[in-house]
Amino acid sequence: MGIFSSNKPSLPSRVRALSEAADLAEGRSDDDVVAGAQRVVRQVDRRLAFSGEVTVVALAGATGSGKSSAFNAVSGTTLAEPGVTRPTTAKAMAASWGAEPPSELLDWLEIPRRHTVTGGADDLEGLVLLDLPDHDSTELAHRAEVDRLVQLVDMFIWVVDPQKYADAALHDRYLKPLVAHSGVMMVVLNQVDTLSETELERCLTDLRRLLDSEGLKKAQVLAISAKTGRGVDTLRKKLSRSIADKQTAARRLSGDVDAAAAALSVEVGSAETRGLGDARLKQLHKALGEAAGVPVVTEAVLKAMRRRGAAATGWPALSWLTKLRPDPLRRLHLDQFSSRSKKQNQLEPARVQRSSLPSGTGVQKARVDSALRALADDASQGLPRGWSAAVLQASRREERLLADDLDRAVATTDLAMERGQGYWKLVQMLQWLLIAVVLVGLLWLGANFALGYFQLPRLPDAYSYRGITLPTMMVFGG
Ligand SMILES: Nc1nc2c(ncn2[C@@H]2O[C@H](COP(=O)(O)OP(=O)(O)O)[C@@H](O)[C@H]2O)c(=O)[nH]1
Ligand SMILES: [Mg+2]
């Protein structure tokens, strides 16, 4: 699948491919995985429909890590209330930079509390900064809101503090599952004013090592103090850069497509599609032919052909006797006259009547069955179980029609009984010629006998060999 190549096709075309794959996998692969892929397709379509000029960045983290403080420090406002008595509101808050607030995008994100940041430098133009609820809140609704928005935002800033940066709740529940999005992820170590420089260094090294071990090498790490303002400028610069190339949203969505495609690919398998083997096809065709009565027809045609050949080429004086025997094709109602043979007034089956064929026996049907199964097994080799079951099912879907089609195929086959009869004519002509020779010889001998009786001179001997005359030769030779 092109989805995994390093030289990736465009995001829209990859989404269409994912959509098609998910639709095809429906009912054949794990329902959750398929639903997940379909959700990603919907989300990408929705997000791409909104302006690419806007980048939505979420400040997320544990209670008291300093999300609200960082929000205020970056925005240069006091919109967020740091350190308020918990629980705080379950809803996220948004601050947007730029002349026009992206209302429709915020509607889609379902964020009711919105502010527009005016004044100051416009290096953050196009940024929508979200202050999320605490992911470790005792309130279920808060955690649910975090989980919902984590699916939708373009970029993450995980705010951690020196005490809880290695917290398993954060790493296991959020960071590791978001590995496909490490390119749009920052981990900000806040409250560094509480650390000595050596402690800070040790802390940063440990955090980096931890993230690397989780496969989050691309995630950026930054130390700030929302209180003293240390590192906040750097954070703003990094944000500004992420916004400037306007690719952050696409990068996030691309990660979603990658993750969904990878999950789906496990369900679909990566087996090469094999063609149908010749030997297996032959086996199936043979079984089908037998079930449809082809050998019976072949046998009957052969017998009929022999009989007719004998009738046509046998001694004309006796050939009527052969015609008295029943035609083997009549039993199968194969003795239909084709328009062509009617003209020639010749018995010639052109078509087989379907109703007259013996229907396949149990053995023959079982043979078709096993040939079909062998073919389906072959074709679905290496596929996950749901898919090989689908192949087998598909191979049987037209089974009812198959019997009909087979009957029709046999019934509409031209038996070509008129072929190969040219030499019958030749033999027939030869027969009559020889009979004529015998008759001429007899007449000749008779004439000589009559002439001798009346003591008249006999006919001159045209030719004789060792005393045997030509008319005698004609009679016996003919
Ligand atoms: N020393 C210090 N305290 C901070 C810093 N950032 C936030 N705090 C304090 O940590 C507490 C929680 O901060 P808050 O922004 O409300 O965290 P939130 O729960 O993640 O939104 C507040 O009392 C802040 O004053 C910082 O950089 N240094
Ligand atoms: Mg807060």
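User: What are the ground rules on numbering and confidence?
Analyst: Residues are numbered from 1 along each chain as its sequence is written, and chains are lettered from A and ligands numbered from 1 in the order in which they are written. The model is predicted: local features need pLDDT of at least 70, side-chain atom pairs count only at pLDDT 80 or more, and totals for chains, interfaces and linings use all residues.

User: What order do the strands of the open sheet have?
Analyst: E3-E2-E4-E1-E5-E6-E7, seven strands with mixed pairing. Strands (E, at least two residues) and helices (H or I, at least four) are DSSP runs, numbered from the N terminus. Pairing needs at least two DSSP bridges.

User: Which strands stand at the edges?
Analyst: E3 (113–117) and E7 (220–223). Each has a single partner strand, so one side of each lacks a neighbour in the sheet.

User: How do E6 and E7 pair, parallel or antiparallel?
Analyst: Parallel, over four bridges. Val187 has Val221 of E7 as its bridge partner.

User: Switching to helices. At what angle do H1 and H2 pack?
Analyst: About 150°, with axes 9 Å apart, for H1 (residues 11–25) and H2 (residues 31–49). H1 is therefore roughly antiparallel to H2 (angles over 145 degrees). Axes are lines fitted to C-alpha atoms over the stretch in contact, and angles run from 0 to 180 degrees between N-to-C directions.

User: Which residues of H1 make the contact?
Analyst: Val15, Leu18, Ser19, Ala22 and Ala25. Contact means C-beta atoms, placed from the backbone, within 7 Å.

Note on methods. Parallel < 35°, antiparallel > 145°, perpendicular 65-115°, else oblique. Contact = placed C-beta atoms within 7 Å.
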